[in-house]
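User: I'd like to learn how to read a model like this one. Could you walk me through it feature by feature?

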Amino acid sequence: MRTVIFRSIAPYLTSLMVLFSVFVLLRGHNEPGGGFIGGLIAASALAIYGIACGVAPVRRAIYFHPMAIAAFGLFMAAMAGVLSVFAGVPYMSGLWIYPQIFGAEVALSSVLVFDVGVYLVVVGAISSIALALEERDRD
Amino acid sequence: MAGKSEPLADLSVAYTMDKVPAADWLVAAPVVWCILLGAILLMLRKRTDIQPLVAIPALGILVLMTFALLAHVIQNGTVTMTMGRWLPPFGISFTVDLLGAFFAATSALVALGAGIYGRSDVDDTGRRYGFYPFLLLIMAGILGAFMTGDIFNLYVWFEVLLISSFGLLVLGSERKQLDGAVKYAFLNLVATTLFLVATGYLYGLFGTLNMADITVKASELRGTAPLMTLVTLYLLAFAMKAAAFPVNFWLPASYHTPRLVVSALFAGLLTKVGIYALLRILGMLFPFEREELSFLIAIAAALTMILGVVGALAQNDIRRSLGFLVISGIGVMMAGLALGSPAGLSGAIFYAAHSMVVMTALYFATGIGARLGGSFELTSAGGLYARNAFLAAMTLILFLSVAGLPPFSGLWPKIMLVKASLDIGAWWLAGAILVTGLLTTITVGRIWVLAYWRPAPGEGPATMVPASLSAGATIALAGLVAVTIAAGVWPEPVMALAQDAARGLIDPSAYVLSVFPVEASQ
């Protein structure tokens with residue numbers, strides 16, 4: 001698969017897909033999208049990069065081990081629920097704050113934290129499997 | 001994500017508006033704690049030296065949490081927390097009654113033992129493959145299953161513990177382990193699928209998944225809905241999970257292949273989750289259907305215990321023998337479920353807790369013995385008594401306990417069950433329990449005589465060198481043995497706890513009241 005065309009287009013494609021995955025993640029609260037589907041898009045972006053340029057550059061690019069990324073996502077998702085302790089409501093309740101950023105009201109919630117956690121779990125777990133399979137392929 | 005600071009509608013229609021008392025957080029805390037620590041340990045996967053230092057104190061705190069929860073439930077009755085503030089039955093409730101809290105506390109104790117024992121049993125490779133993260137995550141699954149008040153959520157926790165158990169089974173990816181894991185995975189997936197099918201069917205009939213809600217609605221639907229079909233499906237699915245005859249074949253095929261501490265954990269906890277689900281769903285949700293099926297369950301129970309112990313008697317590998325003893329114990333618990341009386345159910349609950357502790361400890365003892373004597377095979381093992389009298393004594397206590405001989409914890413639940421079966425005239429069930437006890441005594445006696453008492457083959461008693469045990473293994477073993485002795489010589493508190501838990505299953509009004517406080521008081 002290491003053709004010139006694919007190799008030159010892959011980095012742009014990958015960055016575009018990762019950007020799009022973040023868009024899908026943030027869009028997910030009120031419209032179709034969310035952490036799971038966003039994570040799948042990001043994982044496929046990494047897989048494409050891996051197919052085009054080899055697994056080692058991907059591992060260098062994401063810096064952390066994919067499993068550690070997944071673990072951090074799990075930690076974040078569980079912590080998003082723990083925030084409810086301080087509000088005196090049951091575990092996993094949605095909590096909202098509405099800070100003014102540059103004059104516009106931005107709604108931030110513990111649900112978003114949870115969703116980012118899911119995103120990271122999916123990115124980590126799927127790309128861990130994908131990278132392992134791509135590595136085996138070359139043996 | 002445009003900001004709207006005003007809520008659109010009156011929230012009190014969908015949300016519970018009460019403040020949550022801090023003590024009620026104990027309901028969610030153990031599971032959340034396990035998931036958080038599992039995640040942290042997964043991030044520390046490469047730091048094999050730090051892992052036990054984080055995991056063992058974490059499991060210690062887990063034990064404290066679950067015992068605090070048990071104390072809270074004993075004092076204040078069943079506690080419920082419905083996730084995300086949604087009102088039940090729409091939100092997922094965690095409802096902890098005495099049964100759930102008792103099993104949770106016992107299983108946390110066993111997990112702490114496994115964590116300590118694993119320090120010496122699991123080498124760096126096993127740790128890099130994730131022994132400790134999986135241990136914490138499997139505990140999240142087990143505790144979640146014991147605490148949830150929602151049937152679909154119960155399914156989810158079964159999946160969590162199943163996936164972690166796959167990971168634990170193949171630590172190190174050896175050929176034999178993969179062979180055992182494939183059988184285990186396939187047959188367990190079949191059982192889980194049956195569970196899911198039954199749950200889909202249940203949702204179609206009831207339109208709710210909340211256990212308290214189902215308990216209330218079952219009496220209205222009993223005349224019209226095909227509840228017998230549903231309950232029979234559940235019985236099959238959970239009997240497979242619990243390894244009851246005739247769907248027990250996955251257990252002996254896989255339990256002797258993983259690392260010893262993993263076998264110990266599985267033998268102690270996994271089948272008991274199946275028993276718990278049987279007690280909860282057949283015992284509490286559908287008592288009338290259970291009554292109809294009781295003869296079938298009783299026959300399955302009697303066959304499970306007898307065939308289990310006969311299987312154990314026929315084995316040469318000690319681990320395989322113990323695997324069959326686990327199955328035999330499941331039969332004894334099923335007998336309690338078949339009886340369904342307060343005495344029967346409390347006997348089953350007590351026996352399940354006893355079995356969690358004793359089976360795990362027995363695997364520990366066998367593992368230590370194999371490390372000293374060099375073998376799991378009865379034909380080549382020997383001389384363990386001469387090598388280490390302490391280990392031999394501990395093992396003897398556990399053997400007597402598993403056979404149900406006084407003064408250890410196996411005696412009392414068996415007495416309760418035999419008495420409960422004689423009370424309703426089921427003399428053959430009482431007979432089966434007693435015969436199983438006798439055969440178990442012969443089985444464990446054979447192991448003790450051959451592996452412990454007999455001098456090692458090819459060695460005279462004079463050449464035997466005493467060997468010392470590693471500190472971690474000794475603490476884990478001695479701790480669990482202390483529990484079985486304590487429950488044996490002072491059984492009243494445990495018995496009272498089991499009886500109260502059984503009463504809570506038979507009369508679930510407190511359970512329902514805890515989930516729906518307003519409706520019930522109207």
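Predicted model: local features only at pLDDT ≥ 70, side-chain atom pairs only at ≥ 80, totals over all residues.

User: Let's start with the interface. How much area do chain A and chain B bury between them?

Analyst: The size of an interface is often given as the accessible area lost when the parts come together. Here chain A and chain B bury about 2,200 Å² between them, with 72% of it on carbon and sulfur atoms. A:Phe75, A:Pro90 and A:Tyr91 supply 25% of the area that chain A buries against chain B, more than any other three residues. Counted by residues, the contact takes 27 from chain A and 25 from chain B.

User: Which elements give two or more residues to the side of chain A that touches chain B?

Analyst: Those are helix H4 (66–82) and helix H5 (84–87) of chain A. H4(A) gives the largest share, ten residues. Sorted by class, that side of chain A has 19 nonpolar, seven polar and one charged residues.

User: And how many salt bridges are there between chain A and chain B?

Analyst: Zero salt bridges. As for polar contacts, the count between the two chains is one residue pair, both residues being at pLDDT 80 or more.

User: Which residues of chain A does the "transmembrane region" annotation cover?

Analyst: The unreviewed UniProt entry puts "transmembrane region" on residues 12–29, 35–56, 68–91 and 111–133 of chain A. In the model, residues 12–29 of chain A are 89% helix and 0% strand, with the end C-alpha atoms 27 Å apart. Residues 35–56 of chain A come out at 95% helix and 0% strand, and their end C-alpha atoms are 26 Å apart.

User: On to the backbone. Where are the cis peptide bonds?

Analyst: For these, look at omega. A cis bond joins B:Pro88 and B:Pro89, with omega about 5°; B:Pro89 lies in the loop between strand E1 (79–82) and strand E2 (93–96) of chain B. The bond from B:Pro406 to B:Pro407 is cis too, omega being near 0°. B:Pro407 sits in the loop between helix H16 (389–403) and helix H17 (411–423) of chain B.

User: What about positive phi? Is A:Tyr63 buried or exposed?

Analyst: A:Tyr63, a residue other than glycine, has phi near 65°, and its place is the loop between helix H3 (55–62) and H4 of chain A. With a relative accessible area of 69%, over the 50% cut-off, A:Tyr63 is exposed. B:Ala243 also has phi near 65°, but it counts as buried, at 0% relative accessibility. B:Ala243 is in the loop between helix H9 (227–242) and helix H10 (250–254) of chain B.

User: How many salt bridges does a search of the whole structure find?

Analyst: Twelve, over all chains. A:Arg59 pairs with A:Glu135 at 3.2 Å, linking helix H3 to helix H6 (residues 110–138) of chain A across 76 residues. A:Arg59 is partly exposed at 27%, and A:Glu135 is partly exposed at 35%.

User: And what separates B:Asp423 from B:Lys419?

Analyst: About one helical turn, because they are four residues apart in helix H17 of chain B.

Terms used: Residues numbered from 1 in each chain as written. Chains lettered and ligands numbered in written order. Heavy atoms only, no water. Contact = heavy atoms within 4.5 Å. Buried area = accessible area lost by both parts, 1.4 Å probe. Salt bridge = Lys/Arg side-chain N within 4 Å of Asp/Glu carboxyl O. Polar contact = N/O pair within 3.5 Å; in protein donor to acceptor, adjacent residues only side chain to side chain. Nonpolar A, V, L, I, M, F, W, Y, C, P; charged D, E, K, R; others polar. UniProt positions renumbered as here; feature names shortened; annotations may be inferred. Buried < 20%, exposed > 50% of the residue type's maximum accessible area, 1.4 Å probe, protein only.
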